[in-house]
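Please look over the sequence and the structure shown here before reading on.

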Amino acid sequence: MIPIPSKQKKTKKVSSQRLIYKSESAWDSVSGATAQAVDTYAGQYKKFLGQAKTERECVQVMEKQLRQQGFQSLSGKATLRTGDRIYKSIKGRALLAAILGEAQKTWRIVGAHVDSPRLDLKPHPLFQDSQLAMLQTHYYGGIKKYQWVNIPLSMHAVVHTKQGTKTFVIGEKKDDPQFIIPDMPPHLGREQMSKSAKEAVQAEQLRIVVGNRPIQNSKEKERVKLAVLDWLHRKYGLVERDLISADISFVPAAGPVDIGFDQSCIAAYGQDDRACVYATLAALLKIKQPKGVALGLFVDKEEIGSFGDTAAQSRLLDNFVIEVQRKAKLRCTPAEILEQATALSADVTEALNPNFKGISDPRNSSALGCGVSVEKYGGGGGKYSTNEASGEYMNWLVRQLDSVRIQWQSGEFGRLDLGGGGTIAMYLSRYGMDTIDVGPPLLSMHSTQEITSKIDLYNTYQCYRHFMQI
Ligand code: MN
Ligand code: MN
């Protein structure tokens with residue numbers, strides 16, 4: 001007997017692989033040489049985080065690394081040509097760095113911010129109370145105040161004394177003293193514990209202990225405060241009035257650490273947005289010859305609304321483009337360059353958190369370990385306070401990433417109507433340039449220890465690097 005051939009036409013099997021989108025762990029594709037590269041990158045990144053805890057330190061470390069790789073100060077160059085590597089520091093608190101390729105009218109911009117939430121000091125911060133010398137702080141950026149008590153803090157200061165400007169850091173080196181804001185004990189905290197988290201520790205209670213030992217053999221009233229001033233004067237030549245104009249910040253003293261048995265994650269202060277700052281810097285240091293102009297834009301004051309002379313809402317980008325256009329003798333206007341530029345707003349997003357699932361829509365959130373997150377929009381309250389990238393631009397970008405196997409994912413910043421957050425994307429888009437939010441997801445954003453996955457950090461770096469050179 002022979003089988004009777006079926007008269008039915010052969011239909012193509014429905015393939016879930018072809019039709020269904022799946023976001024998978026980026027770790028799956030890591031082995032051998034890539035694993036080594038991920039580790040090496042993470043190691044260099046942690047070193048950077050440990051050295052760059054304020055916007056000034058960030059710019060300082062970047063400038064040093066850029067100069068070592070042949071980047072020259074833009075102001076020192078009369079003319080520019082293809083292959084030039086240039087940078088411009090804006091008052092030591094923001095920075096732009098670029099590599100000029102052949103196509104000098106095509107700019108690819110990656111913009112990150114160098115500032116992170118922290119505790120600054122009030123103009124008259126030092127006082128004595130209960131035998132303690134204390135410093136009164138004024139918080140910077142969006143913090144949950146209860147997170148800043150009972151953790152060791154380090155002090156980062158730029159003070160202008162009679163003898164000149166003094167820059168110093170206390171609490172980062174081994175054996176350095178550190179500082180702390182004392183909370184109250186649970187035994188007496190019945191009233192505190194019944195308050196909302198917002199009220200439990202209030203802004204005016206964020207006062208830092210800086211001394212307890214009084215000046216001896218003195219009839220002065222506030223001998224502990226005096227002893228602190230005496231110490232500061234002997235060490236740095238500063239007097240109390242110098243504190244009024246000083247830039248002094250307190251940040252978590254803890255350095256970056258690996259997290260997990262598998263050491264797959266990193267916990268550290270300031271990863272928003274230094275994860276993106278470092279990825280952009282590392283990309284610039286690695287790129288040999290971009291097609292157009294590869295520009296890293298590192299702005300300050302994002303955490304307080306991007307207002308100010310070193311922030312994304314200032315003209316620092318315009319000024320840079322004007323200077324390059326003139327010195328490179330480009331036959332187009334700065335406005336045309338900016339309008340035709342394409343940009344990545346390099347900033348972090350909050351990842352799915354198993355402890356607080358309620359803040360995210362699980363199907364529309366990025367997860368740690370699934371690659372760099374490409375988000376069409378951020379903001380909140382019905383796409384308010386954001387720039388929504390066009391579908392054309394987003395589609396172009398993710399196809400570019402697919403073509404070189406850079407793992408990406410996409411989501412939104414949290415569940416609808418819970419709040420939201422903006423980035424500098426909306427300020428970049430003002431020029432008419434295509435802009436989209438791209439960065440690694442993290443956990444505990446704006447906390448004293450933010451958590452990232454090493455594989456996402458590596459994919460973020462790869463993404464920025466690829467984007468800036470095509
Ligand atoms: Mn940010
Ligand atoms: Mn932030």
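Nine strands form an open sheet with mixed pairing, in the order 1-2-3-13-4-14-18-16-17. Because strand 1 (72-73) and strand 17 (408-409) each have a single partner strand and stand at the edges, one side of each is left without a neighbour in the sheet. Strands here are DSSP runs (E, at least two residues) and helices are runs of H or I of at least four residues, both numbered from the N terminus, and two strands pair if DSSP finds at least two bridges between them.

Strand 1 and strand 2 (residues 85-90) run parallel and are joined by two bridges; Ser73 has Tyr87 in strand 2 as its bridge partner.

## Basis of the model

This is a predicted model, in which local features need pLDDT of at least 70 and side-chain atom pairs count only at pLDDT 80 or more, while totals for chains, interfaces and linings use all residues. Residues are numbered from 1 along each chain as its sequence is written, chains are lettered from A and ligands numbered from 1 in the order in which they are written, and side-chain values use heavy atoms, with hydrogens and water left out.

## Exposed loop residues

Ile20 lies in the loop between helix 1 (16-19) and helix 2 (32-51), and with a relative accessible area of 55% Ile20 is exposed, a term that means over 50% (1.4 Å probe, protein chains only), as against under 20% for buried and partly exposed in between.

Lys221, in the loop between strand 9 (207-211) and helix 6 (223-236), is also exposed, at 82% relative accessibility. Between the C-alpha atoms of Lys221 and Gln128 there are 9.7 Å, although these residues are 93 residues apart along the chain.
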